[in-house]
Amino acid sequence: MLKNKHVKTTPEPTPLTELPVWQTLEAHQQRLSQVHMRDLFAADPKRFSRFSLDHAGILFDYSKNLMDDSVMSDLCALAEQRGLPDQIERMFSGETINATEGRSALHTALRNRGPSAVYVRGEDVMPDVISVLHKMRAFTDRVRGGDWVGYAGDAITDVVNIGIGGSDLGPVMAVQALAPYVKDDLRVHFVSNVDGTHIAETLRKVNPRTTLFVIVSKTFTTQETLANAHAARRWLVEQAGDEKAIAKHFVAVSTNLQAVADFGIDTDAMFGFWDWVGGRFSVWSAVGLSLALAIGIDRFEAMLEGGHEMDQHFREAPLLRNLPVLMGLLGVWYRNFIGTHSHVIAPYDQSLQRFPAYLQQLEMESNGKQVDTTAASVGYHTCPVIWGEPGTNGQHAFFQLLHQGTEVIPVDFIAPIETHNPVADQHRLLLANCFSQSEALMRGRTLGEAIDELQEQGLNDAEIEALAPFKVFPGNRPSNTLLLDQLTPKTLGALIALYEHKVFVQGVIWGVNSFDQWGVELGKKLAKTVVDELDAGLVVSSHDSSTNGLMNRVLAAIQQTP
């Protein structure tokens, strides 16, 4: 059948792995497989200055990576060909980039500090965003100032945030990260696990007369959150002797007005947010209420300012001078061309102890996908496994694997130049460890260097021959170092936004929707069935033999319990 020559057809986009620049990058990998990073540094004394950027209080050093100018140029060309600049604008402009849920992804609007409007379906969302911020300010000022009192007239001394996933990981990470800014006489606790131990142990630490519960659930139907919320409710009513006490001790961050009211919470103490705010991107919204209570609304807004500053950089900077773009592209380089399977986050600041866990959700829930935005199987690897621990603890745990293991695992080192807690010379020791680990990963130690070192220690030839192979480090192990001026609300905001945008960059390259999370749904659905069957107390035979066997073992134990 002949086509009408006047009808224009849109050509199908070239699949990612068939792009000529993809083939070029594969050739770069082959070329660099014969090159050691220590030689790249020896050949270029200015490598650090050429491969580092400084913005929003963060120095990003990416010079210790298995790349050169040609690799970075072609990675940026790949980003261009995958339409990254256009996708960035689509996100900031409020377009429906979360297609499977029919939503925008506008966490950037939550921290928009300029006068510009942000439209979703033709409506400016900024008035609502500002209104919620004003409501948060009024509420947090009352609690922190002692004007919000409990059922017995006492000021609030403890805040318990009850949520899970993005309703927990962001706030708990940020409260710990900004501990030096937390109000001295206000303790903040977080309960997320449906394991009753979590809520029970928390309730043992607090006084019902002076405790405020913040229930965070967009739908107010999240199984784990509601189980813990009802446990807290029962505890408070039992202690207070009056259900009217609930309105004094519970507030909600939700969009479900009726469910919140049915729980007994005064809907005037309900803080809303929007369907264009994904859970793992929601710490900037009223989901961060516990954080704002802890550090005060001015510092909370300083965090928003840091995020906004990184947003503007991401939106405006050229690709080759753009921190989130470079971080994202280097991740693609390692995952798809070098063949790495995981990525370590190593914050050299104890305050950032929950940052690796926060990034686990941010990255793996966003890009842990095997189907692209056209519903086709991707045919290549997407998100790596994200893991880590604070340094120097990690050095005495898993760094052995990083240095001498059989796999290459990229590392992000994160450290502040200035500490909030100067104890003798310990911060200098901390930084020395951070810098030396990245150098050791890059340089390694040759057999000749190991032999020389053992000779200096006075070992004889037989001892050296026996021991030297064990002291060889291959090196050529990549890392980024992110050096913060100091860990403040503003630099934390910039750091979080940096990683958010890095994830988006990788999602665009891989062609996946970084803003849905259908992979969490099936287990939740099955759990409801399992709960009903356990409650029924009858022998179970409706599942596979393993699940049946496990459930029946539990049911037998329950029946034997006096």
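Colleague: In which hand does α8 pass α16?

Modeller: The crossing of α8 past α16 is left-handed, meaning that the near helix is turned anticlockwise from the far one by less than a right angle. This is a predicted model, in which local features need pLDDT of at least 70 and side-chain atom pairs count only at pLDDT 80 or more, while totals for chains, interfaces and linings use all residues. Residues are numbered from 1 along each chain as its sequence is written, and side-chain values use heavy atoms, with hydrogens and water left out.

Colleague: At what angle do the axes of helix α8 and helix α16 cross?

Modeller: Two packed helices are described by the angle between their axes and the distance between the axes. Here helix α8 (residues 166-177) and helix α16 (residues 355-367) have axes that come within 9 Å and cross at roughly 145°, with axes fitted to C-alpha atoms over the stretch in contact and angles running from 0 to 180 degrees between N-to-C directions. Helices are DSSP runs (H or I, at least four residues) numbered from the N terminus.

Colleague: Which residues of α8 and α16 meet?

Modeller: From α8, G166, L169, G170 and M173 meet F355, A357, Y358 and Q361 of α16, where contact means heavy atoms within 4.5 Å.

Colleague: Is R335 buried or exposed?

Modeller: Buried means under 20% relative accessible area and exposed over 50%, with a 1.4 Å probe and protein chains only; R335 counts as buried because its relative accessibility is 10%. R335 lies in helix α15 (residues 323-338), and the side chain of R335 reaches the backbone oxygen of T382 at 2.7 Å.

How values were computed:
Helices (H or I, at least four residues) and strands (E, at least two) are DSSP runs, numbered from the N terminus. A polar contact is a pair of N or O atoms within 3.5 Å; within protein, one must be able to donate a hydrogen and the other to accept it, and residues adjacent in sequence count only if both atoms are side-chain atoms.
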